[in-house]
Amino acid sequence: QDLQVAQSSEAAARKRLAVQAQRTGQVEQLELENHRLRKLLALRDKISTPGLAAEVLYDAADPYTRKIIIDKGLTQGIEAGSPVIDEAGVLGQVTRVHPLISEVTLVIDSDQAIPVLNVRTGARSVAFGDPTHGGELELRFMAGNADVQAGDLLTTSGVDGIYPAGLPVARVDRVERRADSAFARIYCVPQALVTGAKHVMVLKPVSVQIPPRPAPDDTPHPAAARKGARK
């Protein structure tokens with residue numbers, strides 16, 4: 001009887017330990033999510049562009065692309081072409097919108113290109129997605145003697161009418177200069193969590209915020225009117 005009581009007590013203790021371990025893991029996950037949300041809100045406060053919070057549901061099923069699915073769609077006002085950011089920087093762009101979900105193509109996808117600005121030098125260039133090297137970006141068509149160094153921060157330039165200016169995009173990882181090529185091979189590491197984002201912010205495209213072009217004025221210019229009167 002004493003042995004049975006001891007075995008029952010041990011089983012109950014093991015069960016309590018398992019429950020406590022599960023709760024500890026949940027607490028750590030909640031703390032991580034809370035930290036990321038605070039950073040996302042801090043980045044959001046620096047942007048004047050309207051945005052909508054969303055949650056990543058799952059990765060897209062196509063193994064040849066780098067896309068994710070978020071839980072907001074046409075019903076919530078999501079538009080195709082909208083930039084998507086996480087707490088660290090630019091994550092991608094909305095490429096397909098459904099009534100309740102949307103597809104986001106990540107910046108490291110081979111079909112993505114984003115105009116960037118080198119914070120150190122002020123030079124503008126274009127970063128292309130390069131998923132073949134473990135999920136990076138590449139600055140293409142840069143001269144071999146271009147002033148680019150490892151560690152340079154690249155932000156959105158804001159000249160494409162999509163992304164607001166000043167959002168972190170990537171940091172230069174390595175620069176390869178070859179004597180037999182006029183262009184340098186510049187590889188960059190994305191700032192956003194392209195493989196682990198959970199909560200994101202969908203921003204309105206910059207082009208939507210630009211006021212429409214004023215209608216042409218049919219009133220003749222005063223000089224032309226005087227010239228016509230003299231005739």
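Predicted model: local features only at pLDDT ≥ 70, side-chain atom pairs only at ≥ 80, totals over all residues.
Two aromatic pairs are present in the structure. In one of them, Phe128 and Phe141 adopt an edge-to-face arrangement, with a centre-to-centre separation of 6.3 Å and an angle of 85 degrees between the ring planes. This pair connects distant parts of the chain, since Phe128 belongs to strand S7 (residues 124-130) and Phe141 to strand S8 (residues 136-143), at a spacing of 13 residues. Phe141 also pairs with Phe183, again edge-to-face, at 6.2 Å between centres and 85 degrees between planes. Because Phe141 is located in strand S8 and Phe183 in strand S11 (residues 183-190), this contact ties together parts that are 42 residues apart in sequence. Phe183, at a relative accessible area of 44%, is partly exposed.

Strand S7, which carries Phe128, is also paired with strand S6 (residues 113-118); the two run antiparallel and are joined by five bridges. S6 and S7 form a hairpin in which five residues separate the strands, and Gly122 in the turn has a positive phi of about 80 degrees. Val116 takes part in both pairings: its bridge partner in S7 is Ser125, and its bridge partner in S9 is Thr156.

Definitions and conventions:
Residues numbered from 1 in each chain as written. Heavy atoms only, no water. Phe/Tyr/Trp six-rings, centres within 6.5 Å; stacked < 30°, edge-to-face > 60°. Helix = DSSP H or I, 4+ residues; strand = E, 2+ residues; numbered from the N terminus. Buried < 20%, exposed > 50% of the residue type's maximum accessible area, 1.4 Å probe, protein only. Pairing = 2+ DSSP bridges.
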